[in-house]
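Welcome! Here is a short tour of one protein model, written for someone new to reading structures. Have a look at the picture first, then follow the points below.

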Amino acid sequence: MRAHASAAPKRAVSSEPRVTVVVLAAGKGVRMNSRLPKVLHPVAGRPMLLWSMAAARALDPARTLVVVNPAQDGIQAVLNGEAQTVSQSKALGTGHALAQVAAAHRTGGPVVVLYADAPLLRGETLAALLAEHEKSRAAVTLLTADLENPRGYGRVVRARNGAVRDIIEEKDATDDQRHIREVNSGVYVFSGRELWPALAKLENKNRAGEYYLTDIVRLIKGKVHTMPVEDSNEILGINDRRQLAEAERVMRQRILDGLMTSGITIADPATTFIDADVQIGRDTVILPFSLISGESTIGEDCVIGPFAQIRDSVVGDACRIERAHVDQSTLAQNVHVGPFSRLRPGSVLDAVTANFDGTDKHRTEIGDRAQVGSDTILVAPVRVGDDAYTAAGSVITTDVPAGSLAIERSEQKIVAGWTERRRGRRKREDST
């Protein structure tokens, strides 16, 4: 059994009519000070846009629309056909961004709106928000949070009877309003029938001169409902590299917690870094200062680390990787790598060293730059010299001299000078 570093969220029960999800991803991200679009910056090895897409999948939506800035490159490639994009060529605010959807994608059913720069939002939370909206029969349901330090967030302004009256962005808030701790997360579920008429009434009479989506709360006809988020980390929006680092810290802790719950030992979570798309088998032990990234798969009963780096690699059961760098490589079962080894992209290790004769253990030596073919068995005591090769499927029982090829099918053959001649042929071929 392998545990996935990032467990898939539970799907919500589909409602009728089915849900439309709109992901707002057209922000410029000026404070990131980056040539890369903000929503493509990775969190735990995954672009933050794809975290929002993963949360949206929990709703089993009829369609997912992503509002993008057409001047920003790379977003279509990252989405890889998972959603339809809608262009917002002018940055006139979040309300204007949603209005780009209205013309071609108007629906009377539930419309869920979230941001592509909020990667910590869980699919379970989004599903609960939709369920709360349907139960309350509200025109709009907001995900809110109570923050000790609400700086930077729009404040939820309530009437004396507790009803939501408005959402005020911080730059437009009075001193008294800035002391309000209840904030808007930027995650909404709208009734489409009430959303589109209210959206058409938006104005940009504010300090930023933008069309705020938050003004919908004041303009929409019908009940405004709220649901507080249990974990305020979920509403963290990424505007600069400091917030990106904080999101990275929270997400990686989530990943490690999930792995430990599923039967993987993490000796020191503070010095262990595992990406979201990594899969690890039960009873594997990850020792300190280890980094496992990309789409790596680690088998059961392995010991990884200390000081191991593994990227986009497949590691079989019962392997040991210590103080080593494994990059885009494949290891069979019971392979030991390190200490102080580096496997370059394309490396495949599945040689078996038979070092025990039933009574004693014997030494196997493999020289520098040697290439051990697939399914080779090295029967100790034996030495494979520098720059030597063994053919696939061979059982090597005698030493292989440096620069030679050992072939064992029925009887072992030594091809002297094979490496030098092979390199000479390559040089001649490259020169023609």
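Strand E35, covering residues 405-408, runs antiparallel to E36, and 4 bridges join the two. Keep in mind as you read that this is a predicted model.

**Strands side by side**

- As a bit of background, the strands of a sheet pair through backbone hydrogen bonds, and they can do so in a parallel or an antiparallel way.

- For helix H3 (residues 94-105) and helix H5 (residues 192-199), the axes come within 10 Å and cross at roughly 120°.
- The crossing of H3 and H5 is left-handed.
- Which residues make the contact? From H3 they are Gly-95, Leu-98, Ala-99, Val-101, Ala-102 and His-105, while H5 brings Leu-195, Trp-196 and Leu-199.

**Salt bridges**

- Side chains of opposite charge can pair when their charged atoms come close.
- How many salt bridges does a search of the whole structure find? The search finds 23.
- One of them pairs Arg-122 with Glu-234, with 3.7 Å between the closest N and O atoms.
- Arg-122 lies in the loop between strand E7 (110-115) and helix H4 (123-136), and Glu-234 in the loop between strand E12 (224-228) and helix H7 (241-261), so this pair ties together parts that are 112 residues apart in sequence.
- Arg-122 is partly exposed, because its relative accessibility is 32%, whereas Glu-234 is buried at 5%.
- Arg-155 forms a salt bridge with Glu-170, and their closest N and O atoms are 3.2 Å apart.
- That pair links distant parts of the chain, 15 residues apart: Arg-155 is in strand E9 (residues 155-158), and Glu-170 is in the loop between strand E10 (164-168) and strand E11 (182-191).
- Is Arg-155 buried or exposed? With a relative accessibility of 2%, Arg-155 counts as buried.
- Arg-218 and Asp-215 form another salt bridge, their closest N and O atoms lying 3.4 Å apart.
- Within this pair, Arg-218 is partly exposed, with a relative accessible area of 45%, and Asp-215 is buried, with 11%.
- Salt bridges with shared partners join Asp-166, Asp-215 and Arg-218 into one network.

**A closer look at Met-53**

- Where does Met-53 lie? You can find Met-53 in helix H1, which spans residues 48-57.
- Met-53 counts as buried because its relative accessibility is 2%, and the cut-off for buried is under 20%.
- Leaving aside residues up to four places away in sequence, Met-53 touches Val-23, Thr-64, Val-66, Leu-79, Glu-82 and Ala-83.
- The C-alpha atom of Met-53 is separated by 20 Å from that of Thr-141, a residue 88 residues apart from Met-53 along the chain.

Note on methods
Residues numbered from 1 in each chain as written. Predicted model: local features only at pLDDT ≥ 70, side-chain atom pairs only at ≥ 80, totals over all residues. Heavy atoms only, no water. Salt bridge = Lys/Arg side-chain N within 4 Å of Asp/Glu carboxyl O. Buried < 20%, exposed > 50% of the residue type's maximum accessible area, 1.4 Å probe, protein only. Pairing = 2+ DSSP bridges. Axes fitted to C-alpha atoms, helices over the stretch in contact; angles between N-to-C directions. Left-handed = near helix turned anticlockwise from the far one by under 90°. Contact = heavy atoms within 4.5 Å.
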